[in-house]
Amino acid sequence: MKKIHMIVNTLMTLVLLGLMSYSLIGEVTHEILGTAMLVLFIVHHILNRKWFGALHKGKYSAFRIFQTILVFLMLVSVIMSAVSGIMMSKHLYTFLGITEGMALARGVHVVCAYANYILMSLHLGLHWNGMISAMIPNDKKSSATMWWVLRIIALAISAYGVYAFIKRQIGEYLFYQTQYVSFDESEPLILFYLDYLAIMVLFVFIGHYLGKLLKRIPKGNSSDKKPMTKKGRIILAIVIVLLIVAVIAIILFGIPYFNRHFKTVEVNRQQAVSGQKADWQGNKPLVVYFTRVGNTDFEEGVDAVSGASLLLADGKLTGSDELIADMVVDILDCESKAITLTGKKYPSSYNDTVSVAGDELREQARPQIEPIDVSNYDSIILIYPLWWSSIPMPVATFLEQNDFNGKTIYLIATQGSSGYGSTVSDIESLAKGAKVVRGTSIYCEDIPNARKTLYELITSGFNVSNP
Ligand SMILES: Cc1cc2nc3c(=O)[nH]c(=O)nc-3n(C[C@H](O)[C@H](O)[C@H](O)COP(=O)(O)O)c2cc1C
């Protein structure tokens with residue numbers, strides 16, 4: 001039986017690591033691993049059913065309270081990540097036909113995925129002694145030197161884990177500071193796994209020593225298996241229910257709330273846009289940009305509760321990419337054109353827009369736009385936000401409506417952490433015959449201060465070489 005426990009636990013750890021690499025292993029594999037994790041999680045609970053059965057028995061030491069809270073938090077977090085994952089599924093669960101609530105599901109999935117990672121590692125830490133006894137036979141446990149060497153190695157890996165935790169922005173995902181998880185697709189997968197393994201070791205380490213500390217706190221006789229009093233059982237049930245309700249409420253209502261209310265950015269347009277000028281070699285380019293403002297049915301007073309990608313430039317609601325376009329126009333003194341929808345606009349709510357855009361991407365929709373003629377230009381500077389790691393579908397319409405043969409398209413993307421996503425290859429496949437040049441991908445929070453970057457990009461050979 002111990003062996004089955006070990007196999008299930010080891011598989012869960014490996015699958016957990018694999019799950020974290022999301023887009024690096026492909027969406028289908030991610031969905032398969034997610035399903036495998038759910039099955040393993042259920043098996044793990046069946047194997048440990050006695051623990052649940054004994055919940056109402058005996059006294060609660062500090063260790064036991066911590067362990068119980070951890071287990072219930074994990075339960076909530078795993079269930080919520082499974083439900084949100086199934087809702088967003090693009091492969092295995094599309095037969096369910098779920099189309100609503102994508103934006104919320106995305107936020108919940110990101111927070112719960114990272115919470116699972118940390119909680120499961122802490123949980124592993126609490127049971128580390130048990131795991132070790134199952135792994136190493138008794139006769140090989142004698143050497144104190146060996147244990148000290150192992151402790152020192154674990155400490156060194158944990159120290160690196162702190163660095164990896166910061167480098168990989170885990171805290172930001174965990175507390176929903178950013179909605180989109182960034183993956184560097186050019187990075188070797190092994191480096192990604194080594195960092196995540198170090199983060200896991202860090203939390204196993206914390207869990208293990210925290211557990212030891214908690215066990216030292218004076219306790220009642222926790223091995224006493226006498227049934228709890230009725231009052232004790234009621235209190236325990238209430239605490240667990242309240243805890244679950246609180247966690248679900250924070251995830252469901254807190255995430256969209258924080259997302260909407262803490263992202264308004266005020267900008268002094270003149271200061272943000274004007275500055276040093278630069279020359280362009282050859283015919284001046286045309287700047288073409290897409291932004292939410294102008295393509296959205298904003299409700300009255302939306303500026304007071306503006307969503308993540310909106311700016312207030314001199315009190316006027318302004319799209320991030322519009323501000324970037326204005327900066328480029330100021331640097332090069334060239335023309336600019338906005339990609340503007342002629343039909344239905346996007347909804348006022350940021351989350352609803354995320355949801356609509358997800359549907360459009362899945363369907364490869366081509367929303368109608370005002371025509372933009374690029375025939376008089378050799379170069380186009382295309383400025384666009386990342387939407388679901390791809391381009392907004394109105395940008396696809398623009399690319400398909402024009403002949404880019406022999407022209408060069410310079411890319412400036414804005415994003416909430418995904419770099420270029422798949423946009424470079426998306427644009428290459430839509431703008432047939434064009435030479436596509438990466439420029440820069442600007443993180444949304446850096447947009448108001450992006451002029452210097454843009455100036456350096458243009459003057460450092462943006463239009464002559466492919467960086
Ligand atoms: C519908 C939608 C989908 C988005 N998808 C992503 C994404 O997949 N990755 C990312 O990093 N940012 C994403 N973002 C964030 C935007 O790329 C970012 O906020 C951008 O700066 C918005 O520019 P805008 O105000 O000009 O529209 C998304 C935003 C929206 C509205």
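Q: Hi! In β5, what is the bridge partner of Y289?
A: The partner is A338. This is a predicted model, where local features need pLDDT of at least 70, side-chain atom pairs count only at pLDDT 80 or more, and totals for chains, interfaces and linings use all residues. Residues are numbered from 1 along each chain as its sequence is written.

Q: Thanks! How many bridges join β2 to β5?
A: Four bridges join β2 (residues 286-289) to β5, and the two run parallel. Strands (E, at least two residues) and helices (H or I, at least four) are DSSP runs, numbered from the N terminus. Two strands pair if DSSP finds at least two bridges between them.

Q: What is the strand order in the open sheet?
A: The order is β5-β2-β6-β7-β8, five strands with parallel pairing. At the edges are β5 (335-338) and β8 (435-443), each pairing on one side only.

Q: Which helix lies across β7 and β8?
A: That's α17 (residues 451-462), which runs at about 155 degrees to β8. Axes are lines fitted to C-alpha atoms, for helices over the stretch in contact, and angles run from 0 to 180 degrees between N-to-C directions.

Q: Switching to the core: which residues have the most contacts inside the largest nonpolar one?
A: Y289, I324, V328, L382, I383 and I409 do, in a core of 55 residues. Helix α13 (residues 320-332) gives the most to this core, with seven residues. A nonpolar core is a set of buried Ala, Val, Leu, Ile, Met, Phe, Trp, Tyr and Cys residues joined through C-beta atoms within 7 Å. Buried takes 20 or more other C-beta atoms within 10 Å of a residue's own, exposed 12 or fewer, and partly exposed is in between, with C-beta atoms placed from the backbone.

Q: And what does I409 touch?
A: Leaving out residues up to four places away in sequence, I409 touches I380, L382, F404, I427, A431, A434 and V436. Contact means that the C-beta atoms, placed from the backbone, lie within 7 Å.

Q: New topic! Where does D333 lie, and is D333 exposed or buried?
A: D333 lies in the loop between α13 and β5. D333 is exposed, because 11 other C-beta atoms lie within 10 Å. Its phi is near 50 degrees, a positive value in a residue other than glycine.

Q: What about phi of S389?
A: S389 has a positive phi of about 65 degrees and is not a glycine either. S389 lies in the loop between β6 (379-385) and α15 (393-401). With 19 other C-beta atoms within 10 Å, S389 counts as partly exposed.

Notes: Contact = placed C-beta atoms within 7 Å.
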